[in-house]
Structure formats: C-alpha cells, structure tokens
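This report describes a single protein chain, starting from one residue and moving out to the whole fold. The sequence and the structure come first.

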Amino acid sequence: MKKTVVITGALGGIGQAICKTFKEDGYQVLGIDVKAIGNIPFCDYSFDFDLSRLSKNEDYRSDKLNILNKFGDDLHVLINNAAVQILNNLKDIKITEWNETLDVNLTAPMLLSQWALPYISKNDGSIINISSIHQTLTKPKFTAYATSKSALVGLTKAMAVDLNGEIRVNSISPAAIETDMLRAGFNNDESALDVLKKLHPVQRIGYPYEVAKLALFLASDEAKFINGANLQLDGGISSVLHDL
C-alpha cells in the first residue's frame, strides 16, 4: 500500500502545494479543509472538517476522526497546515476571535496529533506543523495569530520530547509566501508587494512549493535525526535590523 499523508488546510495556497508535492512523490493524499466541496486538487480523498468545531464538540470530533480511521494503517505523515488569521488590536479582541484562533491553530493540531499517534508510530512516520514567522516576529493586530503560532512551535518541541523518539515532530515557520491570502492583505497592491520583497535579503518573497518541498524533506528518511526543530523559511528577513 502507498504511504498516506493527511494535510489540513488543503485548499489554501500552501496546502495545495503540499498536496501536489506529496502526491507527486507517490503518497496517497487525504486533504482536509473547512471549504471542501467535492474533490480538493491533488488529493485522493477530500474531507470537509471544521477544525474549530472539531476542537469544541466531542461528538463531531469522534464522527470526523472515525472517517479517517479506515486510512490509519497506512498513515505515515500528518501535516497540520490549516490556520485562521483574525486581525484585531489587543484592546478590541473579542473572546470569540481569540478562541477560534486557538481552536484552529493550536488545539486542532494537538487533537489530530493525538488521533494520528498510534498509526504514525507504527509506520515510523512524523508530524509536521506549519507555523509562521509571527511566532517570533510580528506586527500590530496580530496578537491572537502570533500567540497561536508561538504556541504551535512550543507544542512541536514539547511533543517531540514527550514522545521520546516514538515519532518525530517538527515545524516550519515561513515568512511572506506568495498566496492569495497574502495578496489580499496588501489589496493586490504590486508596489506594496515590491516593498515587501525588498525587505527580504533574497529580494523576493517565498513560494508555496518551497514550503512543500521542505515538508517533504522533513517527512523523508534523510531527515531522521531532525526532531523537535522549527525550521525558519524566511529569505533571511529574521536576520535584518531595520534602522534609520
């Protein structure tokens, strides 16, 4: 049987690239997305999961995970890629916004990892969490999102230690990646995007396939000694000091 990978947020720019890359490498790809209607591109099977609801409702969680159980025997990799990005100033953040961010970006990865653990450990596989540069460097209005991504890296490291070699757990923290979500944040303003590109020492932003290729490497036998790591994929921007 083919190795199987479960990928959340499979309809997003990074998610689709990850699905495509693992599919091309011979994996059976199970794509999960809250907006999934019909087949998700590059996925052998597609599932509509509301990760916020999955985090809060035990019956819903049980029903959805039972659907995935029939694929468990061949599960080698879980990629927790899905995320919500709700922007608001600290003084204005609503508790519903805070809870939804943590439910999707942190609690769901923990619960899916819990579910996947017995299957992945049997197959000597790994879990990969997609974090963000916001886990260390952030901007105004990103309080909830940055907190969730910092905590996801913390979860990655804690799981790697707690599992004691049973499976490997790593995370990737991308900086600006060329996606519809990124462009929407800049209102598709090319001049603003050009400024953003020049902030990176490599003079460009990243591409979804670069995140996907790094995830594929972390899932491979060549990465067997990488565990509890957070790999920054940021074009060098985290090394820049901006000054006057």
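## Alanine 175

Alanine 175 sits in the loop between strand E6 (168–174) and helix H6 (180–185). The model is a predicted one. With a relative accessibility of 12%, alanine 175 counts as buried, because the cut-off for buried is under 20% relative accessible area.

Which residues does alanine 175 contact, leaving aside its neighbours within four places in sequence? They are Ile133, His200, Leu233, Asp234 and Ile237. Alanine 144 is 31 residues from alanine 175 in sequence, and the two C-alpha atoms are 17 Å apart in space.

## The sheet

The chain has 8 helices and 7 strands. An open sheet of 7 strands runs in the order E3-E2-E1-E4-E5-E6-E7, and the pairing is parallel. Strand E3 (45–47) and strand E7 (230–233) are at the edges; each has a single partner strand, so one side of each lacks a neighbour in the sheet. From one strand to the next, the twist averages 20°.

Strand E2 (residues 28–32) and E3 run parallel and are joined by 3 bridges.

## Aromatic pairs

How many aromatic pairs does a search of the whole structure find? The search gives 7. One of the pairs is formed by tyrosine 45 and phenylalanine 71, whose ring centres are 4.8 Å apart and whose planes are at 55°, so the pair is tilted. Tyrosine 45 belongs to strand E3, while phenylalanine 71 is in the loop between helix H3 (58–69) and E4; the pair therefore ties together parts that are 26 residues apart in sequence.

Are these two residues buried or exposed? Tyrosine 45 has 38% relative accessibility and counts as partly exposed, whereas phenylalanine 71, at 10%, counts as buried. Tyrosine 207 and tyrosine 209 make a stacked pair, with 6.1 Å from centre to centre and 10° between the planes. Tyrosine 207 is partly exposed at a relative accessible area of 34%, and tyrosine 209 is also partly exposed, at 47% relative accessibility.

Tyr45 and Phe71 belong to one aromatic cluster together with Phe47 and Phe49.

## The chain as a whole

For 244 residues, a compact globule would have a radius of gyration near 18 Å; the chain has 17 Å, so the value agrees with that expectation. Along the principal axes, the C-alpha atoms fill a box of roughly 55 × 40 × 35 Å.

Buried residues make up 50% of the 244 residues. Of the contacts in the chain with a separation of 6 or more, 68% are between residues 24 or more positions apart. The chain exposes about 12200 Å², and carbon and sulfur atoms supply 53% of that area.

Definitions and conventions: Residues are numbered from 1 along each chain as its sequence is written. This is a predicted model: local features need pLDDT of at least 70, side-chain atom pairs count only at pLDDT 80 or more; totals for chains, interfaces and linings use all residues. Side-chain values use heavy atoms; hydrogens and water are left out. Two strands pair if DSSP finds at least two bridges between them. Helices (H or I, at least four residues) and strands (E, at least two) are DSSP runs, numbered from the N terminus. Axes are lines fitted to C-alpha atoms, for helices over the stretch in contact, and angles run from 0 to 180 degrees between N-to-C directions. The radius of gyration is taken over C-alpha atoms; the globule rule is 2.2 Å times the number of residues to the power 0.38. Buried means under 20% relative accessible area, exposed over 50%, partly exposed in between (1.4 Å probe, protein chains only). Contact means heavy atoms within 4.5 Å. Accessible areas come from the Shrake-Rupley method with a 1.4 Å probe; for residues, only the protein chains shown count as cover. Rings of Phe, Tyr and Trp (its six-membered ring) pair if their centres lie within 6.5 Å; planes under 30 degrees apart count as stacked, over 60 as edge-to-face and the rest as tilted.
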